[in-house]
Amino acid sequence: MIRLAVLFGLAAQTAAAGGLMDRTVTFGALAYDDVAAPIYVGERHPAVVSNSIEYGLGPEGSQNGWDIVPAIIDIRDQQIIVTYPDTVDGTFPEPVFNGYVLDFLTECVLFNGAGQDLENSSVELADDAIFVEGSKLYVDMAGLDFGPQTFIVVNVDVADCPLS
């Protein structure tokens with residue numbers, strides 16, 4: 001019995017290692033019609049995932065007539081939650097991609113997959129709006145209406161990787 005309890009405890013620790021908590025991430029905005037010639041490339045904002053909000057984005061300066069829509073980004077162990085402050089509302093313009101890029105600074109492939117949590121989101125993203133490339137998670141907001149009542153929840157399936 002004691003041996004089983006010890007093995008169970010080790011399995012629980014291994015499972016916890018597969019989340020985002022305590023991982024280093026950079027976050028920024030990106031818009032493009034051609035990925036090789038972006039319309040807008042936002043600043044990269046570094047943070048360590050914790051139990052508090054990681055980002056409160058604000059305007060960063062115009063590029064090609066574009067700038068950041070203020071947003072609040074809360075990264076949790078298995079989710080990313082995007083909300084907007086009371087001061088903004090509108091519709092995101094619709095180039096090929098207009099959204100957020102989260103880059104978890106790690107050598108291994110961090111994501112097994114990601115998708116929108118429709119039950120806990122107030123709006124529905126396009127079917128192809130959330131995608132993963134290696135350790136980067138992309139969330140395309142093109143064409144989406146946003147405002148203070150908007151929240152988007154993205155569930156992530158995180159690979160068991162060493163902490164970065």
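Student: Where is asparagine 64 found?

Tutor: Asparagine 64 sits in the loop between strand E4 (55-57) and strand E5 (71-75). Strands are DSSP runs of E with at least two residues, helices are runs of H or I with at least four, and both are numbered from the N terminus. This is a predicted model, where local features need pLDDT of at least 70, side-chain atom pairs count only at pLDDT 80 or more, and totals for chains, interfaces and linings use all residues. Residues are numbered from 1 along each chain as its sequence is written, and side-chain values use heavy atoms, leaving out hydrogens and water.

Student: Got it. Is asparagine 64 buried or exposed?

Tutor: Asparagine 64 counts as exposed, at 61% relative accessibility. Exposed means over 50% relative accessible area, buried under 20%, and partly exposed in between, with a 1.4 Å probe and protein chains only. Its backbone is worth a look too: phi of asparagine 64 is near 55 degrees, a positive value in a residue other than glycine.

Student: Which aspartate has a positive phi?

Tutor: Aspartate 22, with a phi of about 70 degrees although it is not a glycine. You'll find aspartate 22 in the loop between helix H1 (2-16) and strand E1 (24-32). It is partly exposed, with a relative accessible area of 48%.

Student: Zooming out, how many helices and strands does the chain have?

Tutor: One helix and 13 strands. Along the sequence, the pattern is α-β-β-β-β-β-β-β-β-β-β-β-β-β. Of the chain's 164 residues, 41% count as buried.

Student: What about asparagine 98, buried or exposed?

Tutor: Asparagine 98 counts as buried, at 8% relative accessibility, and its place is in strand E8. A polar atom of its side chain lies 3.1 Å from the backbone oxygen of proline 93. Not counting residues up to four places away in sequence, asparagine 98 touches Leu30, Trp66 and Val139, among others.

Student: Which residues have the most contacts inside the largest nonpolar core?

Tutor: Leu20, Ile75, Ile80 and Tyr84, in a core of 37 residues. The elements giving two or more residues to this core include E1, E5, E8 and strand E13 (151-158). A second, separate core of five residues includes Leu30, Tyr32, Phe97 and Val101. Here a nonpolar core is a set of buried Ala, Val, Leu, Ile, Met, Phe, Trp, Tyr and Cys residues joined through side-chain atoms within 4.5 Å.

Student: Last one: where does threonine 87 lie?

Tutor: Threonine 87 lies in the loop between E6 and strand E7 (90-91), and it counts as exposed, at 70% relative accessibility. Its C-alpha atom is separated by 8.1 Å from that of glycine 147, 60 residues apart along the chain.

Conventions. A polar contact is a pair of N or O atoms within 3.5 Å; within protein, one must be able to donate a hydrogen and the other to accept it, and residues adjacent in sequence count only if both atoms are side-chain atoms. Contact means heavy atoms within 4.5 Å.
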